[in-house]
Amino acid sequence: MTGIRATGTKTLMLFGGRAHPELNEEVAEHLGVSLVPSKTFNFANGEIYVRFEESVRGSDAFVIQSHTAPINEWIMEQLIMVDALKRASAKQITVVMPFYGYARQDKKHRGREPISARLVADMFKTAGADRLMAVDLHTAQIQGFFDGPVDHLWALPTLAGHVQQNYAPENMTVVSPDAGRVRVADVWADRLGTPLAIIHKRRNPDIANEVKVHEVVGDVQGRTCLLVDDMIDTAGTITQAAEALLDAGAEGVVVAATHAVLSGPAVDRLKNSAGIKEVIVTNTLPIPQERRFDKLTVLSIAPLIARAIHEVFEEGSVTSLFNGNA
């Protein structure tokens with residue numbers, strides 16, 4: 001016999017960045033493990049230092065970090081964590097990003113623009129990542145930017161479960177807020193067994209960056225409309241769409257989105273929108289208490305992430321979490 005056969009079992013180790021510690025702890029609890037202790041701090045000039053306080057040699061390492069504001073700092077911290085694991089001889093490194101930073105910059109709209117979503121994927125590959133895991137990417141094509149396996153998790157089962165428990169689907173219409181979300185809205189409509197409507201938008205040629213809602217395509221008269229999107233940033237698109245649906249005769253509007261970015265005027269816009277009954281989001285991003293409001297419902301994404309991590313570690317099927325439809 002040539003060579004030496006190693007004995008032992010695989011070891012799952014979970015590492016969390018500082019961006020969203022509550023989610024990190026919740027994922028660890030669902031997995032039944034503890035987060036690996038680390039020493040992480042910023043030097044006076046802003047540089048980030050990371051050192052893990054346990055041996056990671058030969059482990060299957062999962063590094064979770066939510067890309068929230070300040071987004072560049074947290075992406076850099078996760079990259080440094082991956083580099084530290086690679087240099088400490090972790091066997092496999094999976095980067096878990098509940099919200100993929102720069103995902104909206106996935107193509108060139110005009111000349112001399114970057115494709116920043118591809119750059120992020122390249123940086124993690126260079127740092128030493130073997131696999132990526134993300135929830136509800138802005139566009140599915142981002143999976144092709146990373147040279148390795150990408151697990152694209154869907155929050156739809158979590159969000160749809162809440163909708164089914166609290167609203168009557170027979171009086172509901174799923175609505176895409178723009179043409180780019182039609183495929184996602186179609187999946188929602190199939191899941192809930194409801195009709196589908198689309199908001200057709202046109203930009204105002206006389207005012208830069210202003211969107212005018214052109215028309216509602218589909219039957220919304222007297223119905224509760226479920227507006228679905230991957231994220232709510234400034235909430236301009238969502239609140240304009242809600243107004244258009246009310247003008248078209250909708251009875252009320254429910255909003256469901258995975259990522260609650262909630263930048264700038266978003267909270268005020270959603271609170272003051274008379275037609276919006278409820279805003280349903282997940283905790284892929286931290287939502288501080290001052291950004292929460294009565295209409296907001298936050299569902300935990302931790303059970304889904306934990307199950308996906310377990311499937312990857314056990315070399316099972318992540319697709320099976322979505323009944324083969326992911």
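Predicted model: local features only at pLDDT ≥ 70, side-chain atom pairs only at ≥ 80, totals over all residues.
Before you start: residues are numbered from 1 along each chain as its sequence is written. Local features need pLDDT of at least 70, side-chain atom pairs count only at pLDDT 80 or more, totals for chains, interfaces and linings use all residues, and side-chain values use heavy atoms, with hydrogens and water left out.

**Stop 1: the domains.** Select 12-153 for domain 1, then 156-201 + 211-299 for domain 2. These bounds come from an automatic or database domain assignment. The domain centres, taken over C-alpha atoms, are 29 Å apart.

**Stop 2: the contact.** Domain 1 supplies 13 residues and domain 2 eleven. About 1100 Å² is buried between them, with 55% from carbon and sulfur atoms. That area is the accessible area (1.4 Å probe) lost on putting the two parts together, summed over both.

**Stop 3: the salt bridge.** Which residue pairs with Asp233? Show Arg104: its closest N–O approach to Asp233 is 2.7 Å. The rule (side-chain nitrogen of Lys or Arg within 4 Å of a carboxyl oxygen of Asp or Glu) finds one salt bridge across this interface.

**Stop 4: the annotated span.** Select 12-128. An unreviewed UniProt entry lists these residues as "domain: Ribose-phosphate pyrophosphokinase N-terminal"; such annotations may be inferred rather than shown by experiment. The end C-alpha atoms lie 17 Å apart. Colour by DSSP: the span is 34% helix and 22% strand, counting helices (H or I) of at least four residues and strands (E) of at least two.

Terms used
Contact = heavy atoms within 4.5 Å.
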